[in-house]
Amino acid sequence: MSCHDLPARPVRQQEEAPVSQYYEMGDQTLWNPSNGASRLFLRQVDLHQDELGQPSGIGPMEADACQIDPVVFEAFADALLARHRRTSHAVMTALSEGFVATVLVLAERAGIEVRWQAADAAGNGGREDVQVPAAPRPTGEAWMAALRQRSRELARFMAT
């Protein structure tokens, strides 16, 4: 008996798994990342919520979509930006910069104006997670310009 003589196996219809997820505010899609990027982002959301001690406003992912509460998200983005500015630890800054830039893109797309001046003022106060030897800290203007540029670059790759 050859393989051609074997009875044909029924072909199972596989459900197509969605390949992306949606971050929405009302009926506006702010971002439509791949599942892997979304998973990583949501894990970082959880981490930063814990670090900041406040909710993000990013709702649970249900049926491959989640809603973002603009009021709660604005407060989260402001607190995240202020913490990022206060941190003078080079490794922590590097680890969080991409997440902060991603949040800034979402805030911009949602029409939320983050409080850059308040974040810069927070950077002039008490410092968190100081590194020894200390990394040079950019001026407020240089810091804002660099982070804004990073978020603009990232926005090009964040499909809506």
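**Close-up views of a predicted model**

**Figure 1. Helices H1 and H2 cross at roughly 75°, and their axes come within 11 Å.** In this predicted model, H2 covers residues 70-86. On the H1 side, the residues in contact are His48, Gln49, Glu51 and Leu52. On the H2 side they are Phe76, Ala79, Leu80 and Arg83. By class, the contact of H1 with H2 has four nonpolar, two polar and two charged residues.

**Figure 2. Helices H3 and H5 pack with their axes 8 Å apart.** The angle between H3 and H5 is about 70°, and the two helices are therefore roughly perpendicular to each other. H5 consists of residues 140-155. From H3, the contact takes in Glu97, Gly98, Val100, Ala101, Thr102, Leu104, Val105 and Arg109. H5 contributes Leu147, Arg150, Ser151, Leu154 and Ala155. The residues of the contact of H3 with H5 divide into seven nonpolar, three polar and three charged.

**Figure 3. His84 is a buried residue of the predicted model.** His84 belongs to helix H2. Its relative accessibility is 7%, and His84 counts as buried because the limit is under 20%. Neighbours within four places in sequence are left aside in the following list. His84 is in contact with Thr93, Ser96, Glu97 and Val100, and also with Trp143 and Leu147. Among these partners, Glu97 and Val100 also take part in the contact of H3 with H5, as does Leu147 from the H5 side.

**Figure 4. The rings of Tyr23 and Phe41 form an edge-to-face pair, one of five aromatic pairs in the count.** Their centres lie 5.5 Å apart. The planes stand at 85°, and the pair is edge-to-face because this angle is over 60 degrees. Tyr23 sits in strand S1 (residues 22-25) and Phe41 in helix H1 (residues 35-52). The two residues are 18 residues apart, and the pair links distant parts of the chain. Tyr23 is buried, at a relative accessible area of 0%. Phe41 is also buried, with 5% relative accessibility.

**Figure 5. Phe41 also pairs with Phe99, in a tilted arrangement.** Here the ring centres are 5.4 Å apart and the planes are at 35°. Phe41 in helix H1 is 58 residues from Phe99, which lies in helix H3 (residues 90-109). This pair, too, links distant parts of the chain. Phe99 is buried, with a relative accessible area of 2%. Tyr23, Phe41 and Phe99 belong to one aromatic cluster together with Trp31.

**Figure 6. Arg148 lies over the face of Trp116.** The distance to the ring centre is 4.5 Å.

**Figure 7. The whole predicted model, shown for orientation, has five helices and three strands.** Along the sequence, these elements follow the pattern β-β-α-β-α-α-α-α. The protein has 160 residues, of which 38% count as buried. Considering contacts between residues at least 6 apart in sequence, 66% join residues at least 24 apart.

Conventions. Residues numbered from 1 in each chain as written. Predicted model: local features only at pLDDT ≥ 70, side-chain atom pairs only at ≥ 80, totals over all residues. Heavy atoms only, no water. Phe/Tyr/Trp six-rings, centres within 6.5 Å; stacked < 30°, edge-to-face > 60°. Helix = DSSP H or I, 4+ residues; strand = E, 2+ residues; numbered from the N terminus. Buried < 20%, exposed > 50% of the residue type's maximum accessible area, 1.4 Å probe, protein only. Lys NZ or Arg CZ within 6 Å of the ring centre and 35° of its normal. Axes fitted to C-alpha atoms, helices over the stretch in contact; angles between N-to-C directions. Contact = heavy atoms within 4.5 Å. Nonpolar A, V, L, I, M, F, W, Y, C, P; charged D, E, K, R; others polar. Parallel < 35°, antiparallel > 145°, perpendicular 65-115°, else oblique.
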